[in-house]
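These are my notebook entries from a first reading of a structure that was new to me. I went through it topic by topic and wrote down what I looked up.

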2 protein chains.
Amino acid sequence: MRVLAKNIIEAARKSPDTEVEASGWVHRIRDMGGVNFVILRDRSGMVQLVLNEKPELNLESVIKVKGLPALNEKAPGGAEIRVSSMEIISPAAAELPFQVNGDLAKAGLETILDNRILSVRNPKIHAIFNVQATIVEAFSAYLRSQDFTEIKTSKLVWGGTEGGTELFEVEYFDRKVYLAQSPQFYKETMVASGMERVFEVAPAYRAEKHDTPRHINEYISLDVEMGFIESELDLIELERGLLTHIFALVNEKNSADLVLWNASVPAAEAVAAAPVIGYEDAVKLASDLSAKSGGAKIFDINPEAERLLCEWAKNEHASELVFVNEFPRRYRPFYTYPSDANRTMSFDALFRGLEITTGGRRQHSYEAFVEVLPRFNLKLENMQNYAALLQYGCPPHGGFAIGLERLTARILGLPNIKEASLFPRDRKRVSP
Amino acid sequence: MRVLAKNIIEAARKSPDTEVEASGWVHRIRDMGGVNFVILRDRSGMVQLVLNEKPELNLESVIKVKGLPALNEKAPGGAEIRVSSMEIISPAAAELPFQVNGDLAKAGLETILDNRILSVRNPKIHAIFNVQATIVEAFSAYLRSQDFTEIKTSKLVWGGTEGGTELFEVEYFDRKVYLAQSPQFYKETMVASGMERVFEVAPAYRAEKHDTPRHINEYISLDVEMGFIESELDLIELERGLLTHIFALVNEKNSADLVLWNASVPAAEAVAAAPVIGYEDAVKLASDLSAKSGGAKIFDINPEAERLLCEWAKNEHASELVFVNEFPRRYRPFYTYPSDANRTMSFDALFRGLEITTGGRRQHSYEAFVEVLPRFNLKLENMQNYAALLQYGCPPHGGFAIGLERLTARILGLPNIKEASLFPRDRKRVSP
């Protein structure tokens, strides 16, 4: 019966005279003058193996050992196995593309992404995806607790909801379809179908050519949509509750992962304290802050403005999160609900210098939808599915989406969101 | 403050003199000679509204009402609202494509799928997706409890893992990629990356041309992969535990949904009693059973064999589930682990007459992988990612995938799995 690395200490305490079996990867080998140490790594952590003979082993090979568990304060985790027998289950090649147990900064991002099978073995990189799994768990659990239903919608669509450009084309039998940029239309449809409150965790695609630390062409979108809201302020309150729950669960389940990145998550009070600032005020504030530090004038919420606004929120409101609402109509898609002639009931959430969420109330009136189409160069005859959504009784509603990789990256302080995607896709990368 | 339909009875009991507000869709209108009844539907259920005047309303319009809650044994749910004011929030068109509150059998599958926004408003169809959401929740929760990590992997791949055909091609900037048929390679990679136990809930794509009640071209694959297994029997035990948990949670959370379909889920004892039968024995048994009822001879596990084997399991083992293992090598992909010259450590799970799972142990030896490639007309130089998976220490491992739509359909007894997909894609359908 296999014992995980983290449980060897318990075995050493309870039954030091009973042999245990352990399996995993060879993380490190040390010859300490006659005594040979192997650090064995499994999904739970690491344990030291003590061998009498120098093992014939390559790093990263998978082995199975048997031996007596023993307490040892100097060993990682406080225990070791005095090995009586060892079996090599799967030998690793002698040459590794980079040093798994070494300093990742030396490997470089491209090597790390080219060799996911090896790079995720590094505990610090493994930690990224532990945190990411908790985010998905917490997102789903919180929304279920608020009476939301999880939906799964098609990623093959007849056209884009965010405008016709930036779509990947798919050869679908004898016609062309596109990869969905977002489940926008579908999640609205499901609200209006009577589900009222829905969420989806699924890939989304943007055929954007730019290669920046904040973009990938395939990402996981954490989508939320709810009916019977008054304005975007209802959505901001929902996102506060959601982020509070996500941060709390990450703190609870991933404390060791956070330590590896020297990271922490905001407390509930900090999320509650996050300011809401209107777009015009936000641009003016960012521009003033930029001028004070000798920077350029700022005309919209660009990456520099996101950084400055988060810095401001931290200094003035003790929060690393800020909501910007009342975006101008010209910056938002046709389905956004206007609050007056120029502004909309929409918002972005900025966290630690990066936009992690876009959302807002949507148009639910068929007449208003028909009226607004020419403004967006859209034709009713091409919008029949959207028309159907609004023709048969659609409640006031709205929603938002959180980019999973962006949120993961901002929690851990990763400079590039590609690091928070197991198999990122960018303009050049489609493998592995 | 809005009160949900299901809570009106409580309001009527506790504070019948305080007005409540309710919102939702107009499900039915009845004029009972002077007294007018409207059945209001929201996400929680239905409540009867009593109006003094005949309302000017189309069915399926979204309304908001205020009034006093009152107990009424004759009303659905045991309570009603005596309406003092009503507001039409979003009027529905007078003509509906089909009768939402009527018998669905009259509408027909194509109409139901063409009009998802309306068809999901029918409580019986809504029930399908309530059950589906619970399946996803239970799948994820059970695997987390068994120390599995949720992963999200790319759906844009450089080639197919299941053979080169039946792939949808995507125009990806200046090259072609394909929609993933399964996360097979990625989940194996993540096991070998040290995660050991992973699961994924994500779309999968098959460019198969056939249009049958058991196929769709885009489906949700519930994928599982785990390291350090001995054989497919470990996987079958895992799936027993998983299905037991899924059935139990559906039973707990969706009892009303099951009633609408006159459906029930197998008890834990029935899942435990599910037989495991070798492929050759299974084919022979199916053929014998077919002969007994005057049917044709059976040469492999075809749909008729699946039906007969499930019938046999029910009669002989009091289980609607049966596992068929030891599939011949010729029927399984290159990565399948052979148990002898002709057979593999692989299995299918059949449930209520339909294959819902394929799985098995995978090859983890690089040498065996290289040796087997010619047998499958594969060339090592085209398989470098797979080679890397096996070159750097890969534990014995295996996994399986459950088709979400198939499992949903079999739980509820839906004749066509398209009914269990919100927006199914088949050869002809790409909209809505």
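The entries below begin with the model as a whole and then turn to sheets, helices and single residues.

**Entry 1: the model and its chains**

I noted at the outset that this is a predicted model. I then looked up how chain A is divided, and found domain 1 at 5-90 and domain 2 at 116-420. The centres of these two domains of chain A, taken over C-alpha atoms, are separated by 46 Å.

Next I asked how many residues of chain A are in contact with chain B. I found 73 residues of chain A in contact with 73 residues of chain B.

**Entry 2**

I followed an open sheet of 6 strands, in the order β7(A)-β9(A)-β8(A)-β8(B)-β9(B)-β7(B), with antiparallel pairing. Its edge strands are β7 of chain A and β7 (156-157) of chain B, each of which pairs on one side only.

Strand β7 (residues 156-157) of chain A is joined to strand β9 (residues 175-179) of chain A by 2 bridges, and the two run antiparallel. Here L156(A) stands opposite L179(A) of β9(A). Strand β8 (residues 169-172) of chain A pairs with β9(A) over 4 bridges, in the antiparallel sense. I noted V177(A) in β9(A) as the bridge partner of V170(A).

The hairpin of β8(A) and β9(A) has 2 residues between the strands, and F173(A) takes a positive phi near 50° in this hairpin.

Where do the chains join within the sheet? I found 3 bridges between β8(A) and strand β8 (residues 169-172) of chain B, with the strands running antiparallel.

On the chain B side, β8(B) pairs with strand β9 (residues 175-179) of chain B in the antiparallel sense, over 4 bridges. V170(B) is placed opposite V177(B) in β9(B).

**Entry 3: a sheet within chain B**

I looked up a second open sheet, in which 8 strands of chain B follow the order β6-β10-β11-β16-β15-β14-β13-β12, with mixed pairing. Strands β6 (149-150) and β12 (276-278) of chain B stand at the edges with a single partner strand each, so one side of each has no neighbour in the sheet.

Helix α10 (residues 279-292) of chain B packs on this sheet and touches β12 and β13 (321-325) of chain B. The direction of α10 makes about 90° with that of β12(B).

Strand β10 (residues 197-205) of chain B and strand β11 (residues 218-227) of chain B pair over 9 bridges in the antiparallel sense. In this pair, A202(B) stands opposite S221(B) of β11(B).

**Entry 4: two helix pairs of chain B**

I asked at what angle helix α5 (residues 123-145) and helix α14 (residues 404-412) of chain B cross. Their axes come within 10 Å and cross at roughly 125°. That angle makes α5(B) oblique to α14(B). The crossing of α5(B) with α14(B) is right-handed.

From α5(B), the contact is made by I128(B), V131(B), Q132(B), I135(B) and V136(B), and from α14(B) by L404(B), L407(B), T408(B), I411(B) and L412(B). I counted the residues of this contact by class as 8 nonpolar, 2 polar and no charged.

The second pair is helix α6 (residues 184-195) and helix α13 (residues 384-391) of chain B, packed at an angle of about 25° with axes 10 Å apart. I recorded α6(B) as roughly parallel to α13(B), because of that angle. The crossing of this pair is left-handed.

In α6(B), F185(B), E188(B), T189(B) and A192(B) meet N385(B), Y386(B) and L389(B) of α13(B). This contact of α6(B) with α13(B) comprises 4 nonpolar, 2 polar and 1 charged residues.

**Entry 5: backbone details**

I found a cis peptide bond between S431(A) and P432(A), with omega of about -5°. P432(A) is placed in the segment after α14 (404-412) of chain A. In chain B, the peptide bond from S431(B) to P432(B) is cis, with omega near 0°. P432(B) lies in the segment after α14 of chain B.

Last, I looked up N262(A), a residue other than glycine with a positive phi, near 55°. N262(A) is in the loop between α8 (255-260) and α9 (268-272) of chain A.

Technical notes
Residues numbered from 1 in each chain as written. Chains lettered and ligands numbered in written order. Predicted model: local features only at pLDDT ≥ 70, side-chain atom pairs only at ≥ 80, totals over all residues. Axes fitted to C-alpha atoms, helices over the stretch in contact; angles between N-to-C directions. Parallel < 35°, antiparallel > 145°, perpendicular 65-115°, else oblique. Left-handed = near helix turned anticlockwise from the far one by under 90°. Contact = placed C-beta atoms within 7 Å. Nonpolar A, V, L, I, M, F, W, Y, C, P; charged D, E, K, R; others polar. Domains from an automatic or database assignment. Pairing = 2+ DSSP bridges.
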